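I opened my notebook to look up the ligand site and one hairpin. Here are my entries, in the order I made them.

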Amino acid sequence: METGGFTPATLSALIALVRKHTGIAMTERKSVLLERRLRPRVQALNLSGYQAYLDKVEQDRAEIPHFIDLVTTNDTLFFRTPQVWDYVEQEFLPQWWQAHSGQRLKVWSAAASSGEELYSMAMLCEEFAAAHPGFSYQIHATDISRQILALARDGQYTGRSVERIQSSHPDWVKKYFRASGNGLRVVDVLKKNVELAQHNLLTPLSPARQFDLVFLRNVLIYFDQEQQQTILHQACPSMAPRAVMIVGESESISGLNTAYQFDRPMIYRLK
Ligand SMILES: C[S@@+](CC[C@H](N)C(=O)[O-])C[C@H]1O[C@@H](n2cnc3c(N)ncnc32)[C@H](O)[C@@H]1O
């Protein structure tokens, strides 16, 4: 079997360490990817090899956040999976406002990565607020990776992220972004109702909140069934009654034993 540059024993120890610190269930098939991600760090630290690096992660707590940054996959886009955003804009927001007029909408982007998801939501909320006086919102964004959260906080984007939003929402690019370096940066108005915090989804959110809408997208896929159930269970105390949970395209949770009721593909409600 292909084990990247690892010995079989190092690869098993690495997979166990990924699970210990992130919960992510990796298999030997990811060895080449893991090797590509860890190699620069091993070289930068001037270590003799991958086993020496694993020993460092075990012995030096300060290395754990770097390790987490390296082993997590952070792919994301603005308005990823457009039908989800059509649902939020055309159904969720008007219905929520009708039922909760005068209250503040609370949203959790629970695996926020570099922030494209939370700023997509902030743009929809800003547009909704302009048309519905009195509407206000708060977005709580979390991720296990501190490095990726720093990018989300910065709100500066280049490459595929920028190309995607320029073609899908050119008017909103003019309104909500400014040219910065060789890319775009979100304007401060999109940040004013956003708070970011590091959080491991396998642990309870503290303090528990009453979110009306939770994005838990494209993260369950990295966990085994038992861990997925734990994550979904941990989210419950932070959800308002009948709150909506949105998962990724390839993440049906209907087969799991959870407190969520299927509404339509990718959209669930707390029972
Ligand atoms: C592929 S991105 C998904 C980003 C966004 N939700 C989307 O759908 O475009 C997955 C994110 O989950 C985060 N993640 C992985 N394991 C996690 C855990 N145990 N707790 C919290 N976040 C985790 C990763 O750091 C990564 O940023």
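I sorted the shell around the ligand first: seven residues are nonpolar, 10 polar and five charged. My classes put Ala, Val, Leu, Ile, Met, Phe, Trp, Tyr, Cys and Pro under nonpolar, Asp, Glu, Lys and Arg under charged, and the others, Gly among them, under polar.

A note on what I am reading: this is a predicted model, where local features need pLDDT of at least 70, side-chain atom pairs count only at pLDDT 80 or more, and totals for chains, interfaces and linings use all residues. Residues are numbered from 1 along each chain as its sequence is written, and side-chain values use heavy atoms, with hydrogens and water left out.

Next I asked which residues of the shell are the closest to the ligand.

Then I looked up polar contacts (N or O pairs within 3.5 Å). Thr-76 places a polar side-chain atom 2.6 Å from a ligand oxygen, and Asp-143 also has one at 2.6 Å from a ligand oxygen. For Asn-74 I noted 2.9 Å, again to an oxygen atom of the ligand. The protein buries 99% of the 610 Å² that the ligand exposes when taken alone (Shrake-Rupley, 1.4 Å probe).

Strands β9 (residues 260–264) and β10 (residues 267–270) pair antiparallel over four bridges; strands are DSSP E runs of at least two residues, and pairing takes at least two bridges. Tyr-260 stands opposite Leu-270 of β10. Two residues lie between the strands, and Met-266 has a positive phi near 80°.

Key
Near = heavy atom within 4 Å. Polar contact = N/O pair within 3.5 Å; in protein donor to acceptor, adjacent residues only side chain to side chain.
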